[in-house]
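Subject: The model we talked about

Hi,

Here is the structure I promised to pass on.

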Amino acid sequence: MGRFVRRFLAAIVFTVTTVWFASSAWAAEARTVTPLTAWTTTSSPGTVPAYRAAAASPRLVVCRPGGSLTGLARELASECRYHEIQAAVDAVRAPGTTIYVLPGTYHEPSALGKPKGRCASLDDATPLSYDDQRACPHLQSLISVTGQTGLQIEGVGGPVIIEGKKQVGIRADRANGFYLRGVTVRGFTEDGVSVGETDGFTLDHVTGLANGGHGLAAYTSDHGLITDCSASGNGDAGIATASASDQRGGRLSIEIRRCTSYGNLIGYSGTAGDSVYVHDNVFNGNSTGAMLDSSVQAAGMPQNHAMFVANRVFDNNADFYHDCDKLCPRRAVPVGTGMLLAGGDENTYASNMVYGNWRYGFAQYWIPASRRGETDPAKARDTSHGNRYVGNLMGVTPEGTAAPNGVDFWWDEEGDRNCWQSNASSQGYPRSDPAVLPSCDHPSASGPYAQQGNPAKTAVVTACAAYRPGRPTPKGCDWLATPGRPVA
């Protein structure tokens with residue numbers, strides 16, 4: 001690590017923990033914001049499920065015939081009674097059961113049969129209710145966990161791979177206390193792992209690989225932890241949280257830490273990613289590294305109170321739009337962007353290393369409430385306010401060499417109480433558009449574009465919002481190709 005990087009990072013702890021309310025005027029105008037120190041230590045003990053170390057009881061064991069086993073897998077082999085994971089899930093009789101899955105590739109043939117009766121009359125291409133999912137567990141999913149409490153599924157002894165011809169690999173609905181560890185889920189048309197309406201879940205050392213939608217996803221859930229994961233080659237986001245529990249920053253809803261997400265359209269996506277804490281991750285080689293948005297009608301809108309801390313976000317310049325034919329991305333994102341805030345309030349970006357993103361390091365623009373179907377005039381301008389960018393290092397690698405972003409900070413100039421402070425770059429002060437950004441002592445409060453944004457910038461955003469897969473690029477949208485490499 002270069003000397004400049006070491007010196008800068010040494011100053012970050014002081015900067016981040018003191019800058020929020022350094023100005024009494026800022027404190028008076030701001031909403032109540034949980035300090036960084038509180039966020040990093042508050043995790044609602046007892047609600048995020050804890051790992052049960054092997055060999056836990058009660059337990060069931062799943063195995064594939066043949067193969068050479070070692071260690072714990074060899075010890076558990078004599079207990080194997082199941083050759084499909086779903087059969088073991090269906091056999092669970094007590095909360096707190098652990099299912100150990102021994103090495104192998106699991107295709108779950110029993111889940112692939114033609115639907116019958118009530119299930120045959122349902123449209124598997126549309127969202128299903130919880131009752132439908134419970135009655136027809138394999139209409140959309142290869143493995144289904146519905147309504148079970150405290151279930152832990154763990155791959156042990158070597159690679160455990162789950163793949164099959166379904167929309168979702170593992171679906172956990174209303175499965176409070178669900179813990180998934182040590183598996184790879186790949187090749188599904190939608191999500192590799194989908195956790196829905198669940199209070200308390202952990203995805204630990206789970207890999208989502210080459211799925212059509214998200215690699216690892218959580219919807220309308222709370223008290224979640226996604227840790228030490230990997231996601232790559234997914235058609236939308238490697239990691240996604242949608243409508244995370246809206247705690248208004250009072251505590252965390254979902255924590256994402258020590259994950260690597262690369263080669264996806266988006267590394268991390270948080271549509272209504274409320275009160276999520278995203279830290280110590282690596283997002284690289286995507287079209288956009290990480291984003292929050294308020295672009296559709298969903299619970300928890302507008303998005304608010306997320307924190308991104310100490311992430312490394314670099315080289316997100318992958319173009320999946322060129323000659324994509326029938327496999328075009330489902331939505332438009334600005335190729336070459338590190339971190340994107342597309343309509344959100346009271347978010348904090350601190351101590352991140354953002355470099356080598358050829359369009360924008362950070363980008364922020366507002367989303368009119370009407371775009372997500374909101375008709376209340378009082379809410380027309382409910383994004384993007386109170387966002388803070390503090391202590392980020394731009395355009396510098398961990399080794400201290402220059403790797404500039406196209407522009408370090410891009411802002412459409414709409415919104416109140418937004419601020420940028422104590423950020424640095426290889427060129428000294430970060431490059432931005434506009435050239436001068438409000439500080440946290442004097443956050444945005446007025447200006448010619450504060451109400452509706454700079455029209456030249458919002459015109460591009462609006463044009464790109466008209467993108468549809470398989471159709472020509474909307475006129476005026478210049479996001480959908482890798483920009484030229486910036487000069488160091």
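Residues are numbered from 1 along each chain as its sequence is written, and side-chain values use heavy atoms, with hydrogens and water left out.

**Confidence**

The chain has a mean pLDDT (the predictor's confidence in each residue, from 0 to 100) of 89, and 91% of its residues reach 70 or more. Residues 1-46 are the stretch to watch, with pLDDT below 50. Beyond near neighbours in sequence, that stretch still has 77 contacts in the model (contact means heavy atoms within 4.5 Å). Where pLDDT is low, the predicted coordinates should not be read in detail.

**The cores**

I looked for nonpolar cores, meaning sets of buried Ala, Val, Leu, Ile, Met, Phe, Trp, Tyr and Cys residues joined through side-chain atoms within 4.5 Å. Buried here means under 20% relative accessible area, exposed means over 50%, and partly exposed is in between (1.4 Å probe, protein chains only). The largest core has 60 residues, and Ile99, Phe178, Leu203 and Tyr268 have the most contacts inside it. A second, separate core has 26 residues, including Trp410 and Ala463. In soluble globular proteins, nonpolar side chains tend to be buried together.

Which residues does Leu203 contact, leaving aside its neighbours within four places in sequence? They are Phe178, Leu180, Val193, Val195, Leu216, Leu225, Ile226 and Thr227.

**The annotated domain**

An unreviewed UniProt entry places the feature "domain: Right handed beta helix" at residues 192-354. UniProt positions are given in the numbering used here, feature names are shortened, and annotations may be inferred rather than shown by experiment. In the model, residues 192-354 are 0% helix and 46% strand, and the end C-alpha atoms of the span lie 28 Å apart. Helices (H or I, at least four residues) and strands (E, at least two) are DSSP runs, numbered from the N terminus.

**Aromatic rings**

Rings of Phe, Tyr and Trp (its six-membered ring) pair if their centres lie within 6.5 Å; planes under 30 degrees apart count as stacked, over 60 as edge-to-face and the rest as tilted. The count comes to 14 aromatic pairs. Tyr349 and Phe362 are edge-to-face, 5.5 Å centre to centre with 75° between the planes. This pair links distant parts of the chain, with Tyr349 in strand 27 (residues 348-350) and Phe362 in strand 29 (residues 360-365), 13 residues apart. Tyr349 counts as buried because its relative accessibility is 2%, and Phe362 is buried as well, at 1%.

Tyr389 and Trp420, by contrast, are stacked, 5.2 Å centre to centre with 5° between the planes. Tyr389 is in strand 30 (residues 388-390) and Trp420 is in strand 33 (residues 419-421), 31 residues apart. Both Tyr389 and Trp420 are buried. Ring pairs link Tyr268, Phe308, Tyr349, Phe362, Tyr389, Phe409, Trp411 and Trp420 into a cluster.

Charges turn up over rings too (NZ of Lys or CZ of Arg within 6 Å of the ring centre and within 35 degrees of the ring normal). The charged end of Arg181 sits over the ring of Tyr51, 4.5 Å from its centre. Lys457 lies over the face of Trp410, at 5.4 Å from the ring centre.

Thr383 and Ser384 are joined by a cis peptide bond, with omega about 0°, and Ser384 is in the loop between strand 29 and strand 30. The bond from Asp433 to Pro434 is also cis, with omega near 10°. Pro434 is in the loop between strand 35 (432-433) and helix 8 (455-465).

Two residues have positive phi without being glycine. Ser275 has phi of about 55° and is in the loop between strand 20 (266-271) and strand 21 (276-279). Asp325 has phi near 55° and is in the loop between strand 25 (312-314) and strand 26 (337-342). Are these two buried or exposed? Ser275 counts as buried, at 0% relative accessibility, whereas Asp325 counts as exposed, at 62%.

Cheers

Note on methods. This is a predicted model: local features need pLDDT of at least 70, side-chain atom pairs count only at pLDDT 80 or more; totals for chains, interfaces and linings use all residues.
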